[in-house]
Each structure stands twice: as structure tokens, then as C-alpha cells.
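User: I have a model open and have not looked at it before. Can you walk me through it?
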Amino acid sequence: MPARIALALLLAALFLFPFIAEKQPYLLHVLILCCLYAIPAVGLNLMLGYTGLVSLGHMAFAGVGAYTAAVLMVDARLGFWLALLAGVLAAGAAGAAIGAICLRFRTHFFMIVTLAFGLMLYSVMNNWDEVTRGAAGFPGIPRPAPLGGFTFGPLPNFYYLALAAAATAFAVQWLVVRSEFGRVLVALRQDERLAQAKGVNAMLYKTAIFALGSAIAGLGGVLHVSFLRVAAPATFSLAESINAVLIVIVGGAGSLAGPALGALVFVGLPEYLRVAAEWRLVVFGILLVLIMLFAPRGLAGLAAHAWARVRA
Amino acid sequence: MISIRSLRKRYGGVDALSDCDLEIAGPGIYGLIGPNGAGKTTLFDVITGLTEPDSGSVLVEGRDVTGLSPHRLAKLGIARSFQECRVFPEFSCLENLLFGARGTRDEALRLLELVNLHGYRDEPAAELSFGQRRLLEIVATFMLKPRILLLDEPASGVNPALLELLLEFIRRMYDERPCLFLVVEHNMEFVMALAAEIIVMHQGAVLERGTPEAVQASPRVMEAYLG
């Protein structure tokens, strides 16, 4: 019950945030970015945290969703919401197809193959000028079309969309983790051979979660480029995929709140530390090392430990 | 019930299975013994789909199941335990028993009680001692209600007090639901007390089979063990 009350209070605070921070659009901008980074991280958390699949090409699937939607909206004049759906489905389908290949490998071989596919997809985004507009980026991506008179142009309005999308991703994560499907994923992470010996079709389950994780990344990708009004290959590069892994691990792999905490630290903190100019990345690096040293289960693990001590 | 026909499996320059033939007609508790490297675990791995043989076939009740994936073989009623003891460490004892189970929660609780693990039902399996984890692993295989159960060194790492409990438990499970139990074991006292028939493997093939008394008296078996 206290957890539900805390969640309700948090949601209320997030909902009221635009009113509180009315004169601080920059803070709102950072919070939107936190939501947009947290969404792909949720997809990766399902793969890495719950199933034990460390993908180093995750953000490339966000790119598949983003560019699919961009082409459909700008070149094919499709409405935002249908393009969003198409982007999510395209990312999920790419995840299923590429996952079916990558998942034939295990451990570090799997990581290397996902990295290779990530680089390939990045190459396509960067070099296929006729479709993706290449390294210069894909400009002119519209903000979402109004819904029932509610427009998404103004920053606070887009904030609510990003918040709703992030909440949806977290709700999907919660449903998966609570389900029998989620239980099998956790079993696969602990001991795949044993799970197979008990009748689990490991390949099927892992491909399904790879596809779902990629589809969630696609959702984040579409919203990201719609927010920035431009799709740039750098947003979906290897560096961004590694950032996504760090967000999940720092936040707490295999915990429901991990991606949110990770995104807050990973996106929010460097922005906050901008005042320290060139020192900010050094400070941030030291903080990451400290988190790994003293909170191996990430910030969510640290929070759970602190909460247990308070209750005791 | 199970027919192994001319199975061959080679690892590098070593024949783990070398034209291995084995026919087991019906339910019963069978011991599978042999010196280290005789091919016992490889045979289990081939039967359960974890290893693909180079040639030969495995037939279960007349159906060729060679090369089927482990999960499909599990669905066909072939269950196993592992030499290195495998449980889900983060799951509680009860959750371990219920994962993939064909039995009910009440049955799981009864089985935990039979091996004195009832008090640990909600504890993560990682908290148990090695011997208790081994018991849990074996108990969990019975929850799958198998037609063929392969136990790979169930007595390994289990202290004498728990060993007696384990012996009684396996016998009881067989009495309640007779099927084919094939038990790989190096603890001779344990396997001779448990099995009605002993199969001896040596250099990747079946060397001898018979009652525990006959096998213990066999000069060929003596030679295989003592070299």
C-alpha cells in the first residue's frame, strides 16, 4: 500500500510539474528528454534486466521506428498517430527478424552480433540519403497532430504526451513482469538450460521479448524525433545504445523503476551539471563509478535497501 | 520404452559415445554406472536434446526423437536432473517446484514436506545448502510427472543423513507413479540399493547389464573400473 501511495504522489507531482515550473521551460525540456530516454530503456530493461540479454544495438531499433515514422509523415503525408503506430510496429518487426538471428548466439557473442546489427542499421540511417536524408538529418518532422482539440506544440503539452508514453511503457513493463510470460523470462535469465529441460521454448520467448523491447524503443524513437523536429543518425548511434545500457544498469537492471531512475541520472544530471562546464563529465563519470561500487543493483536497489531499513 | 541405437558422439579426438546400443523395455529403476568418461552424461545429454549425436538414433515408445529440441522432449515426458545441480536460485523452493509443473501446489507442498524442505518453501533456493539444493532439484523433476526420468548423480554432494532421505523419496515416488527411472551414480552403495537393474558403460558403449549382484561379480566390470 505505501508503494501505491508513493506512486500516486509521484504521478501527481509529475502532472503538476508544468504549473510549478511555469517559468523554467529548460527544466521541462530536460524532463521531457528524461521521459524520451526512459522509454527505450524500459524495452532494454525487459531484455537485459529480466531476460539477461545484453543488446548493444538497442537504440538502432528506436531509429528504425523514428525513420519509419519520419518517412511516412514527411514523404507519404501520413498523420502522426498512424505513423507512430507504423514506427512502433516496424521497430518490433525489425527486432523480431534481427533478434531471431542474434539469439542463435549466447553471452558475449550475442553482444557482438547485436553491436554489429546496430552499426549496420546506423550505417543505413547515415548513408541512405534518398530515404533518410543521410548524415545531415531528416528535417521537418511534425509535432503530433492535435487530439480532441489538445495540441502538442507547446512545451507543457508535449511534456504530457511524453509522460503518458513513458507511463504506458512502464505499465507494459509491469504487466509483462507480473505475467507468466515474465516469470519465464526471469527463469531464462537464471538458467536457460534448466528452463528448457522444464519445457520452455527459449528461442520463442527470447525472440518475443526482443521484438517487444524493440517496439518499445521504437515508441521512444518516434517521440524523440517528433520532439526535436529532426531525425539525426547520431541519436541512434552505438554511443547512444551504450548509454541505454548504462541507464538500465545505473537505474537498476531488473527493477521496475530502474529505467526512470537511470534516465533521471543519465539525462538530468549532466544537464544540471552544465554549470560546471568542462568538469561535468568528470563529475558524472566519478558518480557512475561510485554507483557501481556501492550500489551494484543500481539506484533502485539502493532505494529498496533504504526503504527496508526505514521499515525495520 | 526407450531404444538407443548405434549412437555416436565425438568430442575432438575422444569418442564420448561409440556405437552405443541400449534397450529398456518398461518401467523400473535402472542404475547407469561406469568410470569417469564412460559417456553416461553424454548419453543423458543426447536423450534430452542438449547434445546432437553424430549418428544413431533415440526412440521413445517407438517414435524417433533424435535431435528434437530439449523443450519438445520435455513436453514428451522426458525429465532430467543435472550433474552440476541446477535450480533457479532467485525463485523460492515452492516456485522452483511449480515452474513448468504438471502437478498442483498442494502436491508441491507435500513433496517439500517429504524431503524436509517444507520450512524453506518461501526461501530463495540460493539460501539452501548444496545438499538441500540437490534435493530440491530432484523433487522438482517429479513435479513434471515424467514418463522417463534421468537423474544425473543425485547423491553427489549430499551428506549421509540426507542420502537416506533421498533414497526413500525416490523409492516412494516410483511406488506412487511407476515409470522409467535411469540413475547415473558413482555412489555404489546408493545405486545398488536403489536400482533393480544396473547398466554399466565403458568407453562410450554398454559393457554389461544385470542385477546389482551380478554386475558386482562381473570380471569385465571389475576390469573396466580397475583398468
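User: Take strand β3 of chain B: how many of the 6 residues are buried?
Analyst: This is a predicted model. In strand β3 (residues 28-33) of chain B, 5 of the 6 residues are buried, so the strand is largely enclosed by the rest of the structure.

User: Which strand does β3(B) pair with over 5 bridges?
Analyst: That is strand β8 (residues 180-184) of chain B, and the pairing is parallel. B:I29 stands opposite B:F181 there. β3(B) also pairs with strand β9 (residues 197-202) of chain B, in the parallel sense over 4 bridges. In β9(B), B:I199 is the bridge partner of B:L32.

User: OK, zooming out. What does the secondary structure of chain B come to?
Analyst: Chain B has 9 helices and 10 strands. Buried residues account for 44% of its 227 residues.

User: What radius of gyration does chain B have, and what would a compact globule have?
Analyst: Chain B has 17 Å, which agrees with the value near 17 Å for a compact globule because the chain has 227 residues. Its C-alpha trace spans about 45 × 35 × 35 Å along the principal axes.

Technical notes: Residues numbered from 1 in each chain as written. Chains lettered and ligands numbered in written order. Predicted model: local features only at pLDDT ≥ 70, side-chain atom pairs only at ≥ 80, totals over all residues. Helix = DSSP H or I, 4+ residues; strand = E, 2+ residues; numbered from the N terminus. Rg over C-alpha atoms; globule rule 2.2 N^0.38 Å. Buried ≥ 20, exposed ≤ 12 C-beta atoms within 10 Å, placed from the backbone. Pairing = 2+ DSSP bridges.
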